[in-house]
Amino acid sequence: MDPVAGTFLRMLFLLSAQPWSTLAAGNTYNCDAPLASSLPRASFTSSSELSSSHGPGFASLNRRDGAGGWSPLVSNKYQWLQIDLGERMEVTAVATQGGYGSSDWVTSYLLMFSDGGRNWKQYRREESIWGFPGNTNADSVVHYRLQPTFEARFLRFLPLTWNPKGRIGMRIEVYGCAYRSEMVHFDGKSSLLYTFNHKSMNPIKEVISLKFKTRENNGILLHREGPNDKHITLELVKGKLILFLNSGHADLPSPDALMLGSLLDDEHWHSVLIELLSTDVNFTVDTHTHHFRAKGESSYVDLDYKISFGGIPGHGKSVAFPHKNFHGCFENLYYNGVDIIDLSKKHKPQVLIMGNVSFSCSHTQTVPMTFLSSRSYLVLPGISREDKVSVIFQFRTWNRAGLLLTSQFHHRSGALILVLSDGKLKLSLSQPGHPARDITAGAGLNDGQWHSVSLSARGNHLSVMVDGEAASMAHSLRGQIESGDTYYLGGCPDNSSHPGCTNSLGGFQGCLRLISIGDEAVDPISIQQGALGSFRDLQIDTCGLTDRCLPSYCEHGGECSQSWNTFSCDCAHTGYTGATCHSSLYEQSCEAHWHRGNSSGLYYIDSDGSGPLEPSLVYCNMTDTAWTSVQHNGSHLVKIKSLNGESPHPVFFKYIASMDQLQTIIDYADNCQQELTFHCKKSRLSTPQDGTPVSWWVGRTNETHTYWGGSQPDAQKCTCGLEGNCIDSQYYCNCDADRNEW
């Protein structure tokens with residue numbers, strides 16, 4: 001019997017969810033009031049002043065008294081003008097002028113902000129690392145509206161460039177409005193457990209919003225559980241936020257993990273918004289959003305009626321990954337519009353307070369410093385002729401190499417040199433007439449995380465400790481160790497002959513903090529004021545490290561890595577090449593292989609070129625033209641036994657290419673065909689009484705069809721029925737003859 005074309009085929013398109021509009025960051029009320037002009041003169045401070053009439057108190061916009069604005073004693077890039085707004089305010093815009101009627105104006109500047117007057121953060125314009133454009137003359141006003149806005153009490157203006165025929169001169173204004181918030185502080189052992197009324201739950205959508213700040217790089221922010229180990233957990237891991245989504249399905253044992261943010265342990269406020277809509281999740285951190293649709297039919301709005309903030313309760317259901325409670329502050333914590341912090345402060349029964357929490361957020365006194373270039377250095381004095389050398393500090397960087405510290409012993413009897421080399425610390429002891437002795441400690445220390453370093457030399461023992469893990473060795477010196485009087489950190493002055501200054505690794509670029517030499521902590525503010533040591537190309541009281549891989553510009557799964565100045569993409573195993581893994585390594589079609597003279601065989605093709613689709617494996621059949629054959633799992637005969645009236649027996653065909661890949665291949669093809677064969681033995685395609693179909697196939701858009709190979713839609717006939725040559729003229733398909741033969 002001739003085979004009759006037929007099939008039971010099902011292919012489904014998976015449609016991505018429509019993007020949701022996130023909550024507006026700003027408010028609809030007016031928030032553009034001038035904030036600086038009404039402040040007393042004492043609210044303005046500066047790095048220095050040219051004279052009493054050039055003091056910072058004259059720096060309000062349009063002021064003409066005094067010298068008509070602020071000018072520092074020396075015009076260089078280490079000067080700043082600071083405003084204390086008196087309380088934390090929402091800042092929406094800034095404006096600048098030059099000195100009244102003068103040739104003194106600033107042509108570009110950086111804007112910094114802080115809650116407590118320490119640990120400043122640079123405001124970045126649309127992810128730009130550059131500053132704000134300034135003025136072109138003394139008296140015109142240049143406004144700049146801030147998108148996004150920010151909240152702060154203190155602002156600093158740092159001039160970058162100024163009129164070359166004059167000096168730095170500034171008058172400024174800040175615009176915004178009052179900002180109110182509720183805060184809670186967790187000590188790393190505490191948490192809040194909120195129990196809500198299930199009758200007030202929104203069964204369709206849930207929204208969680210908060211702001212947080214911390215100096216710890218790990219900790220649980222929130223956790224909610226459900227049946228069958230289903231849970232959602234928001235955790236800070238190495239300074240990045242990860243939203244873990246466990247569907248509770250046994251066939252999906254590991255949770256989905258959505259990662260956003262970087263360097264979030266910078267002790268500045270960061271905003272979080274989580275929107276749950278059945279199987280869809282919207283996850284936003286600061287200005288970056290991740291859209292996600294769960295696999296299968298999982299819903300994340302059918303969890304228990306309890307949610308914990310700051311940690312996971314110690315007793316109850318277990319979570320399949322280790323965790324650490326959050327240590328830091330939350331602000332404006334809302335669950336479906338309910339103010340959780342306000343309920344906690346009022347000791348409402350819905351919120352159980354576990355451990356020690358307080359409803360304020362203290363300001364840190366940690367003062368970091370940024371080494372901006374390979375020519376940066378910091379020179380600090382030490383106590384000479386001590387019988388030991390001891391230095392402690394913390395650093396963070398993306399660079400794999402650079403000089404961290406060098407110090408020469410008294411009478412040039414030796415030197416200690418500490419460098420970062422290939423992401424590892426290497427401490428060298430050099431002495432005239434003796435080979436250098438080295439200790440290596442740590443690995444992967446250029447990961448952007450804070451790392452603690454402690455080194456010491458005393459008697460015949462030399463040691464260095466990195467993040468609590470020590471490496472040490474015995475050494476031999478001629479005579480006793482006697483410390484020198486100078487320590488170089490991050491680099492050296494030009495033409496220095498000091499040991500370590502001639503190394504080929506270059507200077508350190510990154511951030512340092514919590515420096516101690518001997519038993520004395522170093523005060524960075526004294527350095528900034530010129531009372532201690534000397535420096536070049538340093539920003540003090542801020543860590544200016546930025547993550548150039550957020551967002552990642554590497555396409556097609558390329559791995560982003562970075563240094564202080566640039567980023568690069570590792571395209572290995574992606575199938576793409578180029579600076580950002582944009583260009584495909586594969587031809588776009590079998591036709592391209594045909595034109596190259598390639599023979600028939602299996603090839604990877606990239607049907608959308610440099611688009612988002614991955615390459616797919618196809619068989620290219622080279623004849624007088626090129627045919628593209630996409631394999632599936634139904635290449636072998638499958639026997640289907642009669643079910644005697646029971647539910648239909650489905651047969652699924654799954655292609656090795658995705659539906660998007662198949663559609664793209666089809667779109668570029670001149671001709672497309674799909675051949676499936678149904679062999680029958682006493683197996684009808686329709687009932688003999690009224691011709692009702694008992695077999696059908698489902699197409700790629702999930703529509704049901706009952707026509708068969710060579711026939712037409714809705715004809716309900718096979719090819720032999722259309723051509724009038726079926727083996728039994730009573731029927732329109734050979735299979736309907738119901739013969740006991742194949």
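Two rings of Phe, Tyr or Trp are taken as a pair if their centres lie within 6.5 Å. In this predicted model, ring pairs of this kind link Tyr109, Phe113, Tyr123, Phe132, Tyr144, Phe150 and Phe157 into a cluster.

**Aromatic pairs**

The count of aromatic pairs comes to 21. One of them is formed by tyrosine 194 and phenylalanine 196, with ring centres 5.6 Å apart. The planes of tyrosine 194 and phenylalanine 196 meet at 45 degrees, so the pair is tilted; planes under 30 degrees apart would count as stacked and those over 60 as edge-to-face. Tyrosine 194 and phenylalanine 196 are both buried.

Phenylalanine 212 and phenylalanine 326 form an edge-to-face pair, with 6.2 Å from centre to centre and 80 degrees between the planes. This pair links distant parts of the chain, 114 residues apart. Phenylalanine 212 belongs to strand β12 (residues 206–213), while phenylalanine 326 is in the loop between β20 (306–309) and β21 (327–335). Both phenylalanine 212 and phenylalanine 326 are buried.

**Arginines over rings**

Two arginine contacts with ring faces can be described. Arginine 41 lies over the face of phenylalanine 58, at 4.1 Å from the ring centre. Arginine 156 lies over the face of tryptophan 80, and here the distance to the ring centre is 3.7 Å.

**Disulfides**

A disulfide is a covalent bond between the sulfur atoms of two cysteines.

| Cysteine | Partner | S to S distance |
|---|---|---|
| cysteine 590 | cysteine 620 | 2.0 Å |
| cysteine 720 | cysteine 726 | 2.0 Å |

Which hand does the link of cysteine 31 and cysteine 177 have? The torsion about its S-S bond is about -85 degrees, so this disulfide is left-handed. The pair joins distant parts of the chain: cysteine 31 is in the loop between β1 (4–5) and β2 (33–34), and cysteine 177 is in strand β9 (residues 171–178), 146 residues apart. Cysteine 31 and cysteine 177 are both buried.

The disulfide of cysteine 590 and cysteine 620 is left-handed, with -75 degrees about the S-S bond. Cysteine 590 lies in helix α3 (residues 590–595) and cysteine 620 in strand β45 (residues 616–622), so the link ties together parts that are 30 residues apart in sequence. Both cysteine 590 and cysteine 620 are buried.

For cysteine 720 and cysteine 726 the S-S torsion is about 85 degrees, so the disulfide is right-handed. Why do cysteine 720 and cysteine 726 count as buried? Buried means under 20% relative accessible area. The relative accessible area of cysteine 720 is 10%, so cysteine 720 is buried. Cysteine 726 has 13% relative accessibility and therefore counts as buried.

**Annotated span**

The UniProt record, an unreviewed entry, places the feature "domain: EGF-like" at residues 545–582. In the model, residues 545–582 are 0% helix and 26% strand. The end C-alpha atoms of residues 545–582 lie 27 Å apart.

Notes. Residues numbered from 1 in each chain as written. Predicted model: local features only at pLDDT ≥ 70, side-chain atom pairs only at ≥ 80, totals over all residues. Heavy atoms only, no water. Disulfide = S-S within 2.5 Å. Helix = DSSP H or I, 4+ residues; strand = E, 2+ residues; numbered from the N terminus. Buried < 20%, exposed > 50% of the residue type's maximum accessible area, 1.4 Å probe, protein only. UniProt positions renumbered as here; feature names shortened; annotations may be inferred. Phe/Tyr/Trp six-rings, centres within 6.5 Å; stacked < 30°, edge-to-face > 60°. Lys NZ or Arg CZ within 6 Å of the ring centre and 35° of its normal.
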